[in-house]
Amino acid sequence: GGGPVADAIISKLCDKLKPTALKLTDNSAQHAGHAGAKGLDGESHFALEITSDVFTGLSQVQRHQLVYAVLREEMAGPVHALQIVARTSGE
């Protein structure tokens, strides 16, 4: 479990993309004090690894756009950076 932002991200991704595997890492602490970090305990920098068959036939760019679309609110708000590794179960 993470903070409220992480929980919202995981909830939305599970709901929309039905992942078979999902790992979300909060890297905010590594960026504390740098221009993008919103306070020491702000959830602002994340790394996402997601496996979903929804990505079948999509390029990496399209997969990332899909993830960003699902997380539009978070990306417009607290989340400053999101690293994405998106793959299908066959990859």
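Reply: This is a predicted model, in which local features need pLDDT of at least 70, side-chain atom pairs count only at pLDDT 80 or more, and totals for chains, interfaces and linings use all residues. Residues are numbered from 1 along each chain as its sequence is written, and side-chain values use heavy atoms, with hydrogens and water left out.

Me: In what order do the three strands of the open sheet lie?
Reply: Strands (E, at least two residues) and helices (H or I, at least four) are DSSP runs, numbered from the N terminus. Two strands pair if DSSP finds at least two bridges between them. The edge strands, each pairing on one side only, are strand 1 (21-26) and strand 3 (81-87). The open sheet has mixed pairing, and its strand order is 1-2-3.

Me: In which sense do strand 1 and strand 2 pair, parallel or antiparallel?
Reply: Strands of a sheet pair through backbone hydrogen bonds, in either sense. L22 stands opposite I50 of strand 2. Strand 2 covers residues 45-51, and its six bridges with strand 1 are antiparallel.

Me: In which sense do strand 2 and strand 3 pair?
Reply: H45 has A81, in strand 3, as its bridge partner. Over seven bridges, the pairing of strand 2 with strand 3 is parallel.

Me: At what angle does helix 2 run to strand 3?
Reply: Axes are lines fitted to C-alpha atoms, for helices over the stretch in contact, and angles run from 0 to 180 degrees between N-to-C directions. Contact means heavy atoms within 4.5 Å. Helix 2 (residues 60-70) lies across strand 2 and strand 3, and its angle to strand 3 is about 125°.

Me: Is F46 buried or exposed?
Reply: F46 belongs to strand 2. Beyond its neighbours within four places in sequence, F46 has contacts that include V5, A6, I9, L24 and L82. The C-alpha atoms of F46 and L82 are 4.9 Å apart, although 36 residues separate the two along the chain. With a relative accessibility of 2%, F46 is buried.

Me: Which backbone oxygen does the side chain of R63 reach?
Reply: R63 is a helix 2 residue, and its relative accessible area of 4% makes it buried. Leaving aside neighbours within four places in sequence, its contacts are F55, L58, A86, R87, T88 and E91. A polar contact is a pair of N or O atoms within 3.5 Å; within protein, one must be able to donate a hydrogen and the other to accept it, and residues adjacent in sequence count only if both atoms are side-chain atoms. At 3.1 Å, the side chain of R63 reaches the backbone oxygen of A86.

Me: What is the relative accessible area of L66?
Reply: L66 also has its place in helix 2. Not counting residues up to four places away in sequence, L66 touches L17, V54, F55 and L58. L66 is partly exposed, because its relative accessible area is 26%.

Me: What is the phi of K18?
Reply: Most residues other than glycine have a negative phi. K18 is found in the loop between helix 1 (4-17) and strand 1, and K18 is exposed, with a relative accessible area of 55%. Its phi has a positive value, near 45°.

Note on methods:
Buried means under 20% relative accessible area, exposed over 50%, partly exposed in between (1.4 Å probe, protein chains only).
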